[in-house]
Amino acid sequence: MRESAYNNDLADGYDPINNPADYAGSWLEFWEDYMDYLAGDTDWRTLETDTDWEKEAYQKANITSFDLTASGGNDKTTFAFSGGYTNQDGILIGNSFKRVSGRLNLDHKATDRLSFQANIAISKSMNNRLAADNAFATPLQLVAQAPITPVRDKQGNLFDDALNPSMSYYPATVELENSNFLVSVFRNIVSLGATYKLTDDLRVIGEYGFDLLTQNDDRYQNEFTQTGRAVGGYGQSRWVQAFNYTARAMLAYDKVFNQHSLSIIGGTELQEKSIDVTDAQGQGFPLAELKKLTSAAEPVFITSTLTEEAFLSFFARANYKFKDKYLLSLSGRSDASSKFGPDNKYGFFPAASAGWILTQEDFLAGKNTVSFLKFRASYGVTGNAGIPNYRYLAQYSGVAYGGESGLVPSQIPNPELRWEKTAQFDIGFDFGFFNDRLTGEVDYYNKQTTDLLLNTPVPATSGFQTQFRNVGSLENKGFELVLNYSILKNADWSISIGGNYASNRNKILSLNGDETRIGPTGSRFLNAVIVGQPIGAFYGREYAGANPANGDALFYMNRTPTQTEIDNGTAFIVPNGVYGDRYVTRSFNSAESIVLGNPTPTGIYGFNTNISYKGIELSVLFQGVTGNKVFDGAGSFMSANGRYEDNSTVDQMRRWQNPGDITDVPQARLYGNNGAQSSSRFLYDGSYLRLKTLTVAYNVPNAISSKLSLTSARIYITGQNLLTFTNYKGWDPEVNTDFNANNVNLSNDFYAAPQPKNFTVGIKVGF
Amino acid sequence: MKTLKNKILIVIALSFVAVACEDKLEPVDPNNTGDAVALANDKNVKTTLIGAYDALSAGAFYGGNTFRNSEILAANSEIVFSGTFNDVADIYRKEMITLNADVAALWTNAYRTINVANNVLSALSVVNEADRDQVEGEALFLRGVSYFELIKFFAQPYSAGNVSTNLGVPLMLVADRNSVAQVPRATVQEIYTQIVADLTSAEAKLDEGPRPGKATKEAAAAFLSRVYLQMADYPNARDAANRVITSGNYSILSSYSNCFNSGTTAEDVFNIPVSTVDGVNNLVTFYAPTASGGRGDIEIQNSHLDLYEADDDRLDFFFPDPGTGETRTGKWTNQFGNVKVIRLAEMYLTRAECNQRLSTSVGATPANDINNVIRNRVGLSPLGVVTLADILLERRLELAHEGERLHDAKRLQESIVEGAVVFPYNSDKLVFPIPQRDINVNPNLIQNSGYN
């Protein structure tokens, strides 16, 4: 960083190191003063402090979990119940999760013809939450703090950026000690059903189920936090009630005659969802101990909203089987959704599938070499209504200005809005060879999505920015292969291995009219929707590296430059073939954007093995992906050669320093943007191979467990995410940052929390 | 058997319920309403007019970012922006990329305000006749002001000439409300003509002030004086400023420091109200130290402080950040203080400048306005001979960090100097790029030079 300041001085025509008269008022002086500030009550000149801020962001996380299940009953009534308790710390400081739950399933036969079912599940969970990835208060943003800054001063008080200042940015350490953010979720899921047999073959079924979710976000940030400090503490209480029910009435017919088996079911279904939110926020608390809004001097934000949606469906399905070897299924459903325009509510979604179990045929029956072989094919259309409510209507929303209420147009209507449809064709085999020692399946699929639902940009001169539209079509195709092989199985030993591989190619086939690209929509992330490319493809400037002559960041032109651009030096070829014979430029705007990569893996694979000897078991599962890239949105901060006061990644050590240096890291310039724009510079290979789980278990022999009045007993230890092989430099390649994720913004990192490595030790007993 | 029949009835009844619920598919959004309601009657059109003010007051627009952008683009080594918002930092460095989100936010919020105003103007016939002029005047004021900000940032300045060929911005009027048409850019002259027409008509129709946070006859005149200054039409600028001063509806406060960090004062000709429940003051967000709820992103440099005379009260108004020790301005330290847009002091400075240029003394002599009004208040002794340079320096100090610097530099054809780099007043780098988001969806938009 001192070098970056000195470079600024040299660029301004001063040399404070070799010419002491230039020191006063120099960037170098400015930065050394700033380091005095960052070092707090310690001395950076003697390297007194070397804080590992990354370590400060993590905590050792414990998980405790108990489960209890029981079942029983008689020939009229059966029941099953279970209860569970989980207490789990997150790997980042301040994060934890607790849950208690219970469940009861009841089946009762009232008469030969009438039966009832009831399932009731109740749970309460409490989550100590963290700020979103893009907030300074999120633990992993601690890595931006300078290593010369101590966590606490010599009196033991935490340093921050304002009240006990020695930092550029507000730290999560202070947030954690001075705030609470508890999310409690109460959930009741109930389903009730009654079946009445009209005849032996014909049943009427009625079902009703609801899911009632009540959530409270209780947040308090006292006067030492960033949010609370200028306003005497800040509190929030947000209540959400989501009620979702489904009512279904069906008629079912089942008949087996000779070697034919037929089952037909048809009915109607109504589903409604409502979400009711009330949010109140207040500030000015007399004491840090009084955390509820009743103590707030001033209410500052109060809102309540209600949104409702409904689906109405009619459906029918028929399954037919002949001799247990020919299978045929036909279905159709008509779904109506409240989310679409008056003439476009209904969608019709038919499907058909056929199967043929070849091993039931005479020519294969009873053969051990081919013990099972089934051929299947299917075609079906499904619908997607996954957009927010009311998007087809013209809307004006309520606002406030100077204490008066107002209305602003907030949405242009789109009565054309309709179902997104996907037609999927599938063909495959399920097989077992050598008496089922080798089993597996092979599948090929081709999905054609039309009327793709996207929130698309419109000219802002309209007064609006986006509109939900059905904009184009998308293709997904691929194949999947699963193989499992039992190597050895006898009384003592069992050894098996398995593997799977899936490939997927997805491609945008068309957009609105002759439009070829939508997005990227901001300057920080690169995802776009481009015809001929996978959805969310990274699109932007291609970074070349540092100019060996002067350390400027260079981008490939990726177009033929004009003669003017060559004459005025905007576009040039770096001598000695450092960047080949391609034109480069230091002007970001002059470089053409190109497609830089795919955010979605094109290959997903895994392999596993299970080995058991007597009661001892070992199972291992590896998973991996290939073909995708990860964009590190935080690269513009932490790998930006002196652009900000952030601590930097180690690759910055190979920055350009002297004429002739050939490197991908440009010259450090304090507060200068020398190649820190979002470009392929921060795009990395996202492939990885990961040891997902490793379990060692011991099943206590019956002879011992029965002495303890147990029917079974198992002791196990499981590790998750223990090893990861990847070229990605960030914390975790299997990432998508929380604050801007959607179906286009894929595979972006931004101080996102990695998946935890964890060990679980468990005991499972049965009575 | 009887109970069984009842149960069957329940099951069958369920299927009827499902069918009967088809009206659930025609939802009414309880949180928002449609065009037919919002513009249906007098009360609702007036409520929509308040919505237009709300659009103006967005943080990205008159909530402060517009004024911040003017100051950091014209930093002139007098301020340093060291914040982490990359798009803002790129504006400060004059290295904007066409995807810059802050640039896009000014564009989208200005057009949003224009669109709400056009919606109001389309429904004047349902407004009570007695209030119709006032409602129309307020909507025209909001539209004129929005186009004025757009033209100042997205086009070459009027002072660069070629106004009938230099490109301005797309012109959207009442007939274009809510339209997603791909409209090309009008010329700089066409946009200025529209702004003058809107503000002149607004001044004629509006009631006199003061009306805190609202458009008034004087607020329209005050903006007209700014518009005419950009056009170097000094007689009209002088007269517009003089009309505000002689209205007698505003007065100069006795203490400079009382002009800031407050609600509406007697000196405010137009401001944006901010309270704990609504509104935002983004000048505080970027200028104020973290201890005052700001980000502490903008540091005042000695080269700026050196411009003041030693006993200038305005110099005492700067203070060291209690955290970092860097120098901050005292103008923006209360996050719930109003965004001061036009103070009466500016009208005196405008009148003095124009009188000086035209050798007139409409309202008062330049010496009187500068010495007795501006300098006297901040504890400075009168100048013997007042020159144009004196008046322009006084204007620069009086209005420092309030959002006028870039526009003054451009109209006065002054260069912005950052370290060793000189940006002439008409440099492409001092003009915002047309947002890439709109270029993508409107092929008729031509990008500003320097951004291709």
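Q: Two strands pair if DSSP finds at least two bridges between them. With that in hand, which residue in β5(A) stands opposite Ala118(A)?

A: Before we start, keep in mind that this is a predicted model. Now the general idea: strands of a sheet pair through backbone hydrogen bonds, either parallel or antiparallel. Here, Ala118(A) faces Leu192(A) in β5(A).

Q: What else does β4(A) pair with, and over how many bridges?

A: Strand β3 (residues 96-109) of chain A pairs with strand β4 (residues 114-128) of chain A, again antiparallel, over 14 bridges. To see one of these pairings, find Ser101(A): its bridge partner in β4(A) is Ser123(A).

Q: How many residues lie between β3(A) and β4(A)?

A: Four residues separate them, and β3(A) and β4(A) form a hairpin.

Q: How do I read a whole sheet? What is the order of the open sheet of four strands in chain A?

A: You go across it strand by strand. In this case the order is β21-β22-β23-β29 (chain A), with antiparallel pairing. The edge strands are β21 (517-518) and β29 (593-597) of chain A, and each of them pairs on one side only. For β29(A), the partner is strand β23 (residues 537-541) of chain A, with four bridges in the antiparallel sense. Look for Tyr539(A), which stands opposite Val595(A) in β29(A).

Q: Let's move on to helices. How far does helix α2 of chain A reach from its first C-alpha to its last?

A: Helix α2 (residues 27-38) of chain A has 12 residues and reaches 16 Å, close to the 16 Å expected at 1.5 Å a residue. After α2(A) comes Gly40(A), which has a positive phi, near 60 degrees.

Q: Which residues of α2(A) are buried?

A: The list is Trp27(A), Leu28(A), Trp31(A), Tyr34(A) and Leu38(A). They sit on the same side of α2(A), because they cover an arc of only 125 degrees around the axis.

Q: What do the buried residues of α2(A) pack against?

A: Their packing partner is α1 (2-12) of chain A.

Q: Where do the domains of chain A lie?

A: The domain assignment gives domain 1 (2-50) and domain 2 (537-766) of chain A. Their C-alpha centres are 33 Å apart. As for how they meet, seven residues of domain 1 of chain A are in contact with six residues of domain 2 of chain A. On the domain 1 side, the elements giving two or more residues are α1 and α2 of chain A. Of these, α1(A) gives the most, with five residues. By class, that side of domain 1 has three nonpolar, three polar and one charged residues.

Q: Which strand of chain A is joined to β1(B)?

A: That would be strand β13 (residues 395-401) of chain A, joined to β1(B) by two bridges, and the strands run antiparallel. Here the partner of Ser397(A) is Asn32(B) in β1(B).

Q: Stepping back, how many helices and strands does each chain have?

A: Chain A comes to seven helices and 37 strands, while chain B comes to 18 helices and nine strands. Buried residues make up 33% of the 767 residues in chain A and 54% of the 452 residues in chain B. Along the principal axes, the C-alpha trace of chain A spans about 105 × 70 × 65 Å, and the C-alpha atoms of chain B fill a box of roughly 110 × 55 × 45 Å.

Methods:
Residues numbered from 1 in each chain as written. Chains lettered and ligands numbered in written order. Predicted model: local features only at pLDDT ≥ 70, side-chain atom pairs only at ≥ 80, totals over all residues. Expected span 1.5 Å × (residues − 1). Buried ≥ 20, exposed ≤ 12 C-beta atoms within 10 Å, placed from the backbone. Arc of directions from axis to C-beta. Contact = placed C-beta atoms within 7 Å. Domains from an automatic or database assignment. Nonpolar A, V, L, I, M, F, W, Y, C, P; charged D, E, K, R; others polar.
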